[in-house]
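The exercises below are meant to be worked with the sequence and the coordinates side by side.

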Amino acid sequence: MNMEPRRLRIFFLFCALVLPVQLCEIPRMNSDLIGCLNRRLMSVTEDLSKELNPSVYMALRLSSDHNLKKEAQYFHRLKNAFQAKEKSFLPAGQQVQPKTGHLALYLLALRAACQDMKTREMKRLVTRLKHDLHKEKEQIGPEEKGHPITNYYQYSLGVLALCVHGKKIDTHVIQKLINAEMHNKFTHGTKLSVDTEAMAGLAFHCLKQSRLYTRSIVSALLQAVQSVKKKILQAQTPEGTFGNIFSSPLAMQVLVATGMSNKKSECSRGMNALLGTLEHNHDNLMMMSQLLPVLHGKSYLDIATMGCQAERDTLQQHVKCPESSVTALEHSIFTIQLSVQHPSSHEELYNHSIQVPSGSSLLDVLGKAQNQGSKLFTFETRSTLQGPMLTTVMGIEAKDAERSYWQLLKAPDTSLEKGVSDYRPQDGESIILKLSHQ
C-alpha cells in the first residue's frame with residue numbers, strides 16, 4: 001500500500017477511532033469452568049438455607065446463559081423478603097430500614113429484572129435512597145473530615161444504583177465522592193481498599209456517561225475515573241490479583257467497563273488470576289457473584305441497558321464440575337494458637353491452643369474455643385452478604401459509630417485478607433484477634 005505520510009497518519013487515526021478495541025477476553029477453553037460457576041450460583045437460588053443475595057441475582061441476569069424459571073423464582077423470593085423487612089417494626093415503632101448498600105443492591109436487582117420503576121412503590125424506594133445518600137453526605141461534613149454513616153463502599157454503591165436507573169443525583173453528593181477519591185479516603189486501616197475504589201470507579205464512569213451533568217462535573221468525573229484506574233493497576237500483585245482475590249472481580253469490572261484493551265498485560269494477568277479462582281473452587285458467594293459478569297465481558301453498568309426480551313434457557317446442566325473445596329475435611333488434626341488483645345493496653349485477654357480437623361475455617365476454630373466449656377472465650381458474628389462478620393469478642397463489641405472492627409491477624413502482624421468463614425489456618429499458625437479502627 002503506497003500512501004503519503006500525512007495520508008498514512010490519517011488512515012491509522014481513522015482505524016483507531018472506528019475499529020473496535022479488543023477488550024479483556026476469556027479463552028474459549030475455559031468455557032466449561034465459567035459454566036460451572038454459573039451453575040454453582042444457580043444452585044444457590046435453590047438452597048433455602050442461604051441468605052437471599054441481590055448480587056447473586058444480578059450476576060445470573062448479566063450472564064449470557066440462563067435458566068429463566070429459576071431466576072424468576074429467586075427474584076420473587078428476593079422481592080418478598082425485602083417487602084417483609086419493610087413491614088417489620090422495631091419495639092420503638094420505627095420501621096426497619098436496610099442500609100444504603102442493601103437498598104442500592106435491591107434497586108439494581110429490580111432494574112436487572114426490568115421491573116416497572118414508575119409505580120408509586122418504586123418511586124418511593126428511589127426517593128429513600130436519595131434521602132439516605134443526603135444523610136451520608138451530611139455526616140461526611142466539610143473538607144471530608146468525617147465519614148459516611150455506613151462507609152464509602154455503600155455510598156458509592158448507592159450512587160451507582162441511582163445512576164443505573166437514570167436518576168439525576170444531587171451534585172453535592174457526587175462532589176463528596178469525587179473529593180474523597182482525590183484525597184485518598186478509600187482505605188481500610190492504613191491500606192488501600194481496592195473494592196471501594198472499584199465501586200466508586202463504576203459510579204464515576206456511569207455518571208460520566210449519563211449526560212446529565214455540567215461540563216465541570218464531567219471533567220472532574222473523568223479525572224476521578226483515571227485516578228481510580230491508576231490506583232487499581234498499582235495495586236496489582238505479582239500473582240495478577242488486584243489487592244487480593246476477593247477485591248479482584250470488582251476491580252476487573254472497572255477495567256471492563258472503561259474499555260481496557262486485551263493487549264494490556266494487566267488485563268491478561270488479572271483475567272488469568274480470576275480463572276485460577278475457578279480452578280481452586282472458591283466458595284465466597286459475593287466474590288463469585290461479582291466474578292461471573294466479568295467472565296461474560298460485562299460489569300454492573302450493563303444492567304442499565306438490559307431489555308429482558310428474547311432471552312432463552314441456554315444454561316447447560318450436565319457438564320461435570322469440580323466439587324466444593326470444603327465438602328469434606330481431612331482426618332488429621334491441626335493445632336491453632338488463638339489469642340485476643342485488649343483494645344487499649346494490648347495485654348492478652350485470651351491465649352490458648354485449639355485443636356481442629358485440618359481444613360477447618362477460622363470460624364470453626366472460634367466455635368471450638370467457645371465450646372470448650374471454660375467460658376474463657378466468647379464471640380458473636382453478624383450475618384452480612386459477604387459472609388459472617390466478627391462483631392464481639394470477650395464481650396467487647398466493634399461499633400460502626402466508632403468505626404472500630406475486629407482485625408484478624410496471623411502472628412506477628414500479617415492482616416488476613418479473608419473473613420472468618422473463608423480463612424483456613426494451617427497447622428501451627430498463631431491467630432490474633434485485635435480491635436482496630438479505620
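**Exercise 1.** Which residues are buried in helix α14 (residues 362-370)?

*Solution.* The model is a predicted one, in which local features need pLDDT of at least 70 and side-chain atom pairs count only at pLDDT 80 or more, while totals for chains, interfaces and linings use all residues. Residues are numbered from 1 along each chain as its sequence is written, and side-chain values use heavy atoms, with hydrogens and water left out. Helices (H or I, at least four residues) and strands (E, at least two) are DSSP runs, numbered from the N terminus. Buried means under 20% relative accessible area, exposed over 50%, and partly exposed in between, with a 1.4 Å probe and protein chains only. By this criterion, L362, V365, L366, G367 and A369 are buried in α14. The cover over these buried residues includes the strands β3 (333-341), β4 (348-357), β5 (379-384), β6 (387-393), β8 (404-410) and β10 (430-437).

**Exercise 2.** Determine how helix α5 (residues 100-112) is placed against helix α7 (residues 152-164).

*Solution.* Begin with the axes, which are lines fitted to C-alpha atoms over the stretch in contact, with angles running from 0 to 180 degrees between N-to-C directions. The two axes come within 8 Å and cross at roughly 25 degrees. Angles under 35 degrees count as roughly parallel, over 145 as roughly antiparallel, 65 to 115 as roughly perpendicular and the rest as oblique, and α5 and α7 are therefore roughly parallel to each other. Next, list the contact (heavy atoms within 4.5 Å): α5 contributes T100, G101, H102, A104, L105, L107, L108 and R111, and α7 contributes Q154, L157, G158, A161 and V164.

**Exercise 3.** Where does N184 lie, and what is its phi?

*Solution.* N184 is found in the loop between α8 (171-182) and β1 (187-188). Its phi is near 55 degrees, a positive value in a residue other than glycine. N184 is exposed, with a relative accessible area of 51%.
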